[in-house]
Amino acid sequence: MKNKYILIILALIVVGAGAYLVVAKKVGVGNSGGNKNTVNLYYYNLTEDRKIADYVPCDPKAVLPVEREISNDVDRVQETVKLLFGGNLVDSEKVQGFEPKISNTFSLKQVSLENGVLTVEVGLLPGKFYAGSCLTTIFGTELNQTIKQFPEIREVQLEPKNLFNEGDI
C-alpha cells in the first residue's frame, strides 16, 4: 500500500515537471543547456508604476526587465524583438504586474539590422490605436530598453513612418 502511494506521488512529480518544461520552452523561460543566451525584454509594470504615484503616471521607470533564453542558433537581435512583440508572459510575471504595451497594440511585420540600423516594421492590431502620451512613452521605453542591450545597434527606425511621431523612439 505504501509503495502504491509513492508511485502515485512520483507520477505526479513527473507530470508536473513535464508540464513546466513544456510551458517554459513555449515562452522561453529557464535554462535548457549551454547553447542559450539570456536576453531581457522590457515591459511596463503597473504595480511598480503605482508605487511611483497613486495616479499611475506612466513613468518610464516602471518599464522593467523579464529574462528569456534564446538559442545561439538564431539572430539575437531579431529573436529578441520578436519575443518583445510576442508579449508572452508567464503567470508569475502577470501576477507581479507586467502588462506589455507593445504586444497589446502592435503586430511585428518585419525586423532587420543593417550597418547598425535596426528597422522595425509594425502594424496596428485590429481595433487598436496609437495615441496619447502614456502609450507613446511606454512603447518607446519598452523598445529602447530592450534594444540597448545590443551594442551593435546605433539607431532605430520605425516603419511605417506615418504611424509615428519623430522622437517616439
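Analyst: **Helix α2 and what lies around it**

Lys-51 is exposed, with a relative accessible area of 61%. Exposed here means over 50% relative accessible area, buried under 20%, and partly exposed in between (1.4 Å probe, protein chains only). The model is predicted: local features need pLDDT of at least 70, side-chain atom pairs need 80 or more, and totals for chains, interfaces and linings use all residues. Residues are numbered from 1 along each chain as its sequence is written, and side-chain values use heavy atoms, without hydrogens or water.

Lys-51 forms a salt bridge with Glu-48, and their closest N and O atoms are 3.0 Å apart. A salt bridge needs a side-chain nitrogen of Lys or Arg within 4 Å of a carboxyl oxygen of Asp or Glu. Both residues sit in helix α2, three residues apart, about one turn of the helix. Helices (H or I, at least four residues) and strands (E, at least two) are DSSP runs, numbered from the N terminus. Glu-48 is partly exposed, at 26% relative accessible area.

Asp-49 also belongs to helix α2, which spans residues 46-52. Asp-49 is buried, yet has no salt bridge. The nearest side chain of opposite charge is Arg-50, 7.8 Å away. Lys and Arg count as positive here, Asp and Glu as negative, while His and the chain ends are not counted. A polar atom of the Asp-49 side chain does lie 2.9 Å from the backbone nitrogen of Cys-58. Setting aside residues up to four places away in sequence, Asp-49 touches Tyr-44, Val-56, Pro-57, Cys-58, Asp-59 and Ala-62. Contact means heavy atoms within 4.5 Å.

Cys-58 leads on to the disulfide. The structure holds one. This bond joins Cys-58 to Cys-134, with 1.7 Å from S to S; the cut-off for such a sulfur pair is 2.5 Å. The torsion about the S-S bond is about -75°, so the disulfide is left-handed. Its two ends come from distant parts of the chain, 76 residues apart. Cys-58 is in the loop between α2 and β2, and Cys-134 is in helix α6. Cys-58 counts as buried because its relative accessible area is 12%. Cys-134, at 32%, is partly exposed.

Now the other salt bridges. A search of the whole structure finds four. In one of them, the side chains of Glu-93 and Arg-68 meet at 2.7 Å, N to O. Glu-93 is in helix α4 (residues 91-96) and Arg-68 in strand β2, so the pair ties together parts 25 residues apart in sequence. Glu-93 and Arg-68 are both buried. Another pair is Glu-152 with Arg-76, where the closest N and O atoms are 3.2 Å apart. Glu-152 is partly exposed, at 33% relative accessibility. Arg-76 is partly exposed too, at 33%.

Helix α3 also holds Thr-80. At 0% relative accessibility, Thr-80 is buried. Beyond four places in sequence, Thr-80 is in contact with Val-39, Asn-40, Leu-41, Ile-70, Thr-146, Gln-149 and Phe-150.

Next, the core. In soluble globular proteins, nonpolar side chains tend to be buried together. A nonpolar core is a set of buried Ala, Val, Leu, Ile, Met, Phe, Trp, Tyr and Cys residues joined through side-chain atoms within 4.5 Å. The largest one in this structure has 26 residues, of which Phe-85, Leu-118, Phe-139 and Leu-143 touch the most other members. At least two residues each come from β1 (36-44), β2 (63-71), α3 (76-86), β3 (106-114), β4 (117-124), α6 (133-147) and β5 (155-159). Apart from this core lies another, of seven residues, including Tyr-42, Tyr-44, Leu-46 and Ile-138. Tyr-44 is also among the residues that Asp-49 touches.

Finally, the whole chain. Six helices and five strands make up its elements. From the N terminus on, they run α-β-α-β-α-α-α-β-β-α-β. Of the 169 residues, 36% count as buried. Among contacts between residues at least 6 apart in sequence, 65% join residues at least 24 apart.

Notes
A polar contact is a pair of N or O atoms within 3.5 Å; within protein, one must be able to donate a hydrogen and the other to accept it, and residues adjacent in sequence count only if both atoms are side-chain atoms.
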